[in-house]
Amino acid sequence: MTETADARPEKVRERTCIGCRKRDSPTGLLRMTVSGGRVLPDPAHRAPGRGAHLHPVTGCLDLAERRKAFPRAFRVQGPLDLSLLRAQVEKQ
């Protein structure tokens, strides 16, 4: 039996944008968390809690909002405040 030097190949990390539903690397997406009914951008990918990912463009943000993807992605009830997230996306 021969062993290969790389028996366990490097996994390609991908996340799905909750707006357009396309897969991308975590570096191409903006991670978000929710706290107190507010969606908080997490550009450092370090905040605790359940995260969701979004391309940092207004088109994906609008699409996710229209599809009501935020409560589903974060598994919470009710409307969420997107003002901080919208400011972050429009700044980029």
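Which residues touch the most other members of the largest nonpolar core? Keep that in mind as we walk through this predicted model.

**Stop 1: the core.** Select Ile18, Met32, Val39, Leu54, Phe70, Phe74 and Leu85: among the 19 residues of the largest nonpolar core, these touch the most other members. Now colour β3 (30-35), β5 (52-54), α1 (58-66), α2 (69-74) and α3 (83-91), each of which supplies at least two residues of this core. The biggest contribution comes from α2, with four residues. In soluble globular proteins, nonpolar side chains tend to be buried together.

**Stop 2: Leu54.** Beyond its neighbours within four places in sequence, Leu54 is in contact with Cys17, Ile18, Gly19, Leu29, Leu30, Met32, Cys60, Leu61, Ala64 and Leu85.

**Stop 3: α3.** Move on to Leu85, Gln88 and Val89, which are buried in α3. They lie on the same side of α3, because they cover an arc of only 95 degrees around the axis. The buried residues of this helix pack against β3, β4 (38-42), β5, α1 and α2.

**Stop 4: two loops.** Most residues other than glycine have a negative phi. Select Arg21, in the loop between β1 (15-16) and β2 (23-24); its phi is positive, near 65 degrees. Arg21 is exposed, with a relative accessible area of 54%. Finish at Lys68, in the loop between α1 and α2. The phi of Lys68 is also positive, near 55 degrees, and Lys68 is exposed at 60% relative accessibility.

Notes: Residues numbered from 1 in each chain as written. Predicted model: local features only at pLDDT ≥ 70, side-chain atom pairs only at ≥ 80, totals over all residues. Heavy atoms only, no water. Core = buried A, V, L, I, M, F, W, Y, C linked by side-chain atoms within 4.5 Å. Buried < 20%, exposed > 50% of the residue type's maximum accessible area, 1.4 Å probe, protein only. Contact = heavy atoms within 4.5 Å. Arc of directions from axis to C-beta.
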